[in-house]
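Thanks for coming. I'd like to go through a few packing details, so please have the model in view.

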Amino acid sequence: MKSLMLVLAAGLAFHTAAGEIIVQRIHGDVSVRHGVAEGWSKVASGDVLRPDDTMKTGEKGAAVLVASTPAGKKTIALPPDVIVDMSDIRDLSPEDLMLKLTMEKVRASSYQWKNEDLQIPHAAVMHGADQAPASLHEGDPAVGILQFNGVHVLFTNGFYATCALKGMEILRRYPSLESGFDNRFLVAEALEKADLRGEARNEYGTMTAMAGLTPAQQEQIRARIEALRK
Amino acid sequence: MIGIGLGFLSTSMHGQAIFSPRSVATGSLGAGVIDVRGFTANPAGLIGMREWDLGVATSIATARSGQGFVFEGFQFGRKFLEQHAIAVQYTPGTSIDVDEPATVTVAGVNIPADRKISYAEPVAVAYAFRASDQWSFGVQARMRTETINDPQYKFQIKDTAIVPVPEEFTATSWYADAGIRFAPTENVTVSALGRGLFRATHGALPQEFSAYTLPHDPSLSLSIAASPVRRLMVGMEASTLKSGSYGMEWTPAWELSIRGGLYASKGESPFVYAAAVGAGWRYSIFDLDACYLFFGDQSSRRGLIPPISSLVGGVKDIGMNALTPDHLTIAVKAVLGRVRETLAKIEGVEMYGGIYPSAYESLAFHPIGKVHVRNISETPIQARATFFVDRYMDQPTETQPVYIAPEGQADIPLVAVFNEQVRTIPKMMIRDGTVSVSATVAEEADDKTQTRVLLHGKNDWDGDARSLRYFVTPNDPEVIRFSRDMLLRYRDSVSAGPKELSSFRNARVIVNAFAGKLAYVADPKQTADYVQYPSETLKLRGGDCADMTVCFASLLSSVGISTAFVDVVPPGRPDDAHIFLLFDAGVEAKFATSVASNPKRYVLRANKEGLSTVWIPIETTVITRGFDEAWTAGAQEYFDDAEVGLGLAKGWVRIVDVY
């Protein structure tokens, strides 16, 4: 039966156009979010997903996707409790990854405001500070965990560049996940696998300042840094 | 019965040579004219004046005794608007005055009846125009008078004696000359002068005196002057009158010049018939010049001379002819107005492009062009440049000083502080800009030049998203009034909800309010030429994508919301260039899910304080469908172009912060 499924999957994948992602098989709770829409909708086997779609599997859900990559068809298995952006199922060159990382740093820095010598002043200037207590809540970490599970899927399937980028983005959006050693180690390892050794070493380096590292974890980081120095 | 007899005795004659000792000593080279001195050799050289030139000259004929120094005359020149110069020369000393002694026998009585013949060129006026750094042109008019005072025809009896009654005949002519000066390099000057090209006469000598009329021979002279080494000028000139000259000027040190010249003519004997030596000394505003001119053949220059009527045919120039005696000339020239030495010279001006009024405030910092300056002194200088456009600038804008080594060159960037008047220019126009360079703290400039300045209309845009920022006017009263009115009108919905989302709610209210008033939204494609100011868009209730983006940026900025333009220029498809808006919802990244659960609907980026906040993309061309639709469209565009297409990383998507 498994062999038959593989043959069917291979045959179906053969007919997919380059860059397309086809839902080969689903099991349980699997939904998709199209583009920038807020809501999730059901997905069925054989559906063709767009690059701006996002797929989510539930607690007992699973899916198999077939993606057309420059290297050929690739089958990707989504385990339960993951969220994966289809735009991340692609290979980026080290140059593109480097550019993206640089741009992310620029976006995350106020340096960009210092580039222009002429600033148009606000007509409205707020003086003092609003002392009212904050009424918003941080994003639900559970959603962040689902997304980080998706990052693991990217890593497992060799999409190291998008794995690193997505991992950094999620850690920025869900600061509570940043304290997890495994999460950060995964991002650093993805950078290493994507051939950005310098960036990976920096990432490992910043991890040494994490609080609560066990001796084993410290040794693990030190070993990676040493390996990257060679 | 009256009988007439003529003698051949010169009693009072001083054919004075050319007015300027510098000019005489250097061979009267047209190419050697650099200021008012000797400008009649080529008026185009007047353009070399600094500002005001005033010269006075006197001379003494050394070959004759008893005359002493003669006042030659004075010259006055003025340069104006950098490209124009005028000069006038009054030279009463440039004349030939001859007494022809004669007696008349009346009834056997000899009565003295000397005939006085006078030729003069007392006035010359000139104008010069500099067409470029290489070319200049000049024209001049010279007045010539021919006067005969003859007492031999009328007599009257006075106290039983017969006395002659002098009768005077005068012919006046104006001659027009035209000159060209060409300086292909800074060391070489070529000039051409057409003399006597036109003549206008007033009156004429009677027929019986026609032998005394000077010839009118139009001529063309070509001249070249060169500086093969520094401080040395050599040159030569040739004329269609089969005459020529050679001259040089050497300035070894201390502003002292030594000069020498030779004159040759096929009609003279010997062929090289005259030589001149001279010296000049410059001190402060003064130029003191002296020269001694002497001739090889003295036969007609001293003592008895042949009848003047037999010589006039050979007189081509009243200042330099067969009757001109050896003489010493001394002159002083003063430079007025600009009294100091020029240290810096403008070699050229380059404007980087047109002036866009929308961005006029930025031009105080961003160079609009550059001036190439050369240090022509022997000491280091700190050169400053100024730029000025009349009417649109209140005063010239000065740059920071730039060090230039001796004989060195440097480019000085030009900046300009325009006034508000520039924002009233309705359409593109060209104006003259004045560029000055000064190497000292003195107010006067070492050098000035004019350059053409292209001033665009107030709504013109160069297509660069960074320039679009300058159309954003959050302080415009109409913008403020609109945004405040809307927030007041919808204050209930604005104030409801978490305070952290107040910017987001304010933006939603303002965008929806204006969207409801819009009459039209043009083609979403970017038009790289014309942009409306927000007040115009509010008044017209419509515009294209750039107009709308600018207007919404202004409205949001007017209530303290930071905005940015997203400039999209797809590679290979410039016609699909597009621009839309991002605004800062003011929500920290960790609260982003309060704004939208789908992270593709917002952009996380640092605000001015370095805090990562949620920025909302808005596609202004679908704004008529309301805030949420514009947000959805903007988010989709941003995700497709910046994230999937990697446009941001690869540079074809740019985010330009506005406020």
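This is a predicted model: local features need pLDDT of at least 70, side-chain atom pairs count only at pLDDT 80 or more; totals for chains, interfaces and linings use all residues.

Residues are numbered from 1 along each chain as its sequence is written, while chains are lettered from A and ligands numbered from 1 in the order in which they are written.

The sheet first. In chain B, three strands make an open antiparallel sheet, ordered S21-S22-S26. Strands here are DSSP E runs of at least two residues, helices are H or I runs of at least four, and both are numbered from the N terminus. Two strands pair if DSSP finds at least two bridges between them. S21 (344–351) and S26 (409–414) of chain B each have a single partner strand, so one side of each lacks a neighbour in the sheet. Seven bridges connect S21(B) with S22 (residues 369–375) of chain B, and B:Met351 is opposite B:Gly369.

Now the helices. In chain A, H5 (residues 181–193) packs on H6 (residues 197–207) at about 160 degrees, axes 7 Å apart. Axes are lines fitted to C-alpha atoms, for helices over the stretch in contact, and angles run from 0 to 180 degrees between N-to-C directions. H5(A) is therefore roughly antiparallel to H6(A), the term for angles over 145 degrees.

In chain B, H3 (residues 477–489) and H5 (residues 502–517) pack at about 110 degrees, with axes 9 Å apart. That makes H3(B) and H5(B) roughly perpendicular, which covers 65 to 115 degrees.

Methods. Angles under 35 degrees count as roughly parallel, over 145 as roughly antiparallel, 65 to 115 as roughly perpendicular and the rest as oblique.
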